[in-house]
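Dear colleague,

I am handing over a structure for you to look through, and I would be glad if you read the notes below with it open beside you.

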Amino acid sequence: MNTVVELKDVERVYGGGNQKVQVLKQINLSIKENQLIALKGRSGSGKTTLLNLIGALDRPTNGEIYFHGEPLSLLNTKQQAEYRRTKLGFIFQSHGLVPLMTVEENIEFGLRVTGAPREEWDSRVQEAIDVVGLTNRAKHRPYELSGGEQQRVAIARAISTEPSLILADEPTAELNSTMAYQIVQVFKKLVNEKKTTMILTTHDPAIMEMLDYVYTLEDGRIE
Ligand SMILES: Nc1ncnc2c1ncn2[C@@H]1O[C@H](COP(=O)(O)OP(=O)(O)OP(=O)(O)O)[C@@H](O)[C@H]1O
């Protein structure tokens with residue numbers, strides 16, 4: 001199986017002097033194609049920090065991260081943006097939805113920026129909306145939706161582009177348990193049937209039980 005992401009001795013230190021906090025210490029991790037990985041750990045253990053590093057939203061203080069064998073440290077700012085746009089899907093807590101666009105338009109926008117073929121936009125938008133159960137909200141704008149519904153729009157947008165790697169920070173945090181279960185089934189299906197790999201963070205034991213790979217971050221290290 002191909003390795004999608006590899007972390008070698010990755011460290012992240014914030015601040016300096018008395019304020020110095022070493023959040024990640026010598027993290028080594030290899031993530032293969034078609035894996036759905038959960039990262040758990042107490043609040044402040046560095047889960048979001050790790051996702052940010054893999055998403056090239058931040059750089060490690062030491063160590064290297066490889067995406068399909070290419071070191072992320074060699075990417076300039078423009079290439080980092082290109083990497084995020086064409087290879088990754090983000091489901092982050094801030095949702096990142098465009099306020100003036102409807103649910104459909106937000107998802108279509110994602111397809112447009114990743115360069116998906118024009119003739120597939122409509123069907124992919126409808127399918128993604130259907131999968132997250134928002135068909136009757138398709139013409140609504142984000143401010144008309146609940147937090148959980150907005151979270152589902154962000155999920156629909158990320159899965160519709162079928163990216164190589166999806167990074168999801170607590171993607172089910174605002175969903176009830178039935179909806180969370182359904183969404184994780186959608187993630188599992190995507191990862192099994194497409195060339196997609198996914199890393200999500202969660203505090204929910206029921207979700208961890210549904211997944212094959214669960215890593216714990218503790219004292220800056222991966223168990
Ligand atoms: N920009 C920053 N400057 C200084 N410290 C930071 C910065 N970002 C994060 N931290 C610290 O790094 C630690 C890890 O934060 P992170 O957000 O990665 O944790 P987390 O495991 O995702 O937590 P949660 O489950 O609460 O979301 C925390 O102690 C946090 O205060």
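Helices (H or I, at least four residues) and strands (E, at least two) are DSSP runs, numbered from the N terminus. Please keep in mind that this is a predicted model, in which local features need pLDDT of at least 70 and side-chain atom pairs count only at pLDDT 80 or more, while totals for chains, interfaces and linings use all residues. Residues are numbered from 1 along each chain as its sequence is written.

Among the residues surrounding the ligand are Tyr14, Gly15, Lys47, Thr48 and Thr49.

Turning to the helices, the axes of helix 3 (residues 103-114) and helix 4 (residues 121-131) come within 9 Å and cross at roughly 125°, where axes are lines fitted to C-alpha atoms, for helices over the stretch in contact, and angles run from 0 to 180 degrees between N-to-C directions. Helix 3 is therefore oblique to helix 4, since angles under 35 degrees count as roughly parallel, over 145 as roughly antiparallel, 65 to 115 as roughly perpendicular and the rest as oblique.

Finally, over residues 5-223 the chain is 36% helix and 26% strand, with the end C-alpha atoms 18 Å apart.

Terms used. Near = placed C-beta within 6 Å.
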